[in-house]
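User: I would like to learn how to read the features of a model like this one. Please take them one at a time, with the general idea before the case.

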Amino acid sequence: MTIKAINVRNQFKGTIKEIVLGDVLSEIDVQTASGIVTSVITTRSVKELELDVGSEVIAFVKSTEVSIAKL
């Protein structure tokens, strides 16, 4: 499945404004045109995706979670 195959209403393009790293989970704040979206993902995923403050990402919103994909 490609990023384009996901419902466009559920994705917000933005820039990472802050990353709070934890031992297992990390908090990612993404500035979007609609405001700040916050995601909690594994710290391992932050490292594997090479996420940094300033990275352009897409926040995928599901009713119970927000996922991140690096552009």
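User: Does Arg44 count as buried or exposed, and what is its relative accessibility?

Analyst: Some ground rules come before the answer. This is a predicted model, in which local features need pLDDT of at least 70 and side-chain atom pairs count only at pLDDT 80 or more, while totals for chains, interfaces and linings use all residues. Residues are numbered from 1 along each chain as its sequence is written, and side-chain values use heavy atoms, with hydrogens and water left out. As for the classes, buried means under 20% relative accessible area, exposed means over 50%, and partly exposed lies in between (1.4 Å probe, protein chains only). Arg44 counts as exposed because its relative accessibility is 62%.

User: With which residue does Arg44 form a salt bridge?

Analyst: Side chains of opposite charge can pair when their charged atoms come close. The criterion for a salt bridge is a side-chain nitrogen of Lys or Arg within 4 Å of a carboxyl oxygen of Asp or Glu. Here the partner of Arg44 is Glu48, and the closest N and O atoms are 3.1 Å apart. The structure holds 1 salt bridge. Glu48 counts as exposed, because its relative accessibility is 57%.

User: Why are Glu48 and Arg44 separated by about one helical turn?

Analyst: Helices (H or I, at least four residues) and strands (E, at least two) are DSSP runs, numbered from the N terminus. Glu48 and Arg44 are 4 residues apart in helix H1 (residues 43-48), so about one helical turn separates them.

User: How many helices and strands are there in the chain, and in what order do the elements run?

Analyst: The chain has 1 helix and 5 strands. From the N terminus on, the order is β-β-β-α-β-β.

User: Which strands does S1 pair with, and how many bridges join them?

Analyst: Two strands pair if DSSP finds at least two bridges between them. Strand S1 (residues 11-20) runs antiparallel to S4, with 5 bridges, and antiparallel to S2, with 6 bridges. On the S4 side, Phe12 stands opposite Ala59. On the S2 side, Val20 stands opposite Glu27, and Glu18 has Asp29 as its bridge partner.

User: What joins S1 to S2, and what joins S2 to S3?

Analyst: S1 connects to S2 by a hairpin of 4 residues, and S2 connects to S3 by a hairpin of 2 residues. S2 and S3 pair in the antiparallel sense over 8 bridges, with Ser26 facing Ile41 of S3 as bridge partner. Gly22 is found in the loop between S1 and S2. Gly22 counts as partly exposed, because its relative accessibility is 27%.

User: Which residues make up the largest nonpolar core?

Analyst: A nonpolar core is a set of buried Ala, Val, Leu, Ile, Met, Phe, Trp, Tyr and Cys residues joined through side-chain atoms within 4.5 Å. The largest one here has 11 residues: Ile16, Ile28, Val30, Val37, Ile41, Val46, Leu51, Val57, Ala59, Val66 and Ile68. Strands S2 (25-32), S3 (35-42), S4 (56-62) and S5 (65-70) each supply at least two residues of this core.

User: Where does Val46 lie, and with which residues is Val46 in contact?

Analyst: Contact means heavy atoms within 4.5 Å. Val46 lies in helix H1 and is buried, with a relative accessible area of 4%. Leaving aside neighbours within four places in sequence, Val46 is in contact with Ile19, Leu21, Ser26, Ile28, Ile41 and Leu51. By the same rule, the contacts of Leu51 include Ile16, Val46, Val57 and Ile68.

User: Which residues make a nonpolar surface patch?

Analyst: Patches are made of residues with over 30% relative accessible area and no salt bridge; like charges are joined within 9 Å, and nonpolar side chains (Val, Leu, Ile, Met, Phe, Trp, Tyr) within 5 Å. Accessible areas come from the Shrake-Rupley method with a 1.4 Å probe, and for residues only the protein chains shown count as cover. Val24, Leu25 and Val40 make a nonpolar surface patch of about 290 Å². Leu25 lies in strand S2 and counts as partly exposed at 49% relative accessibility.
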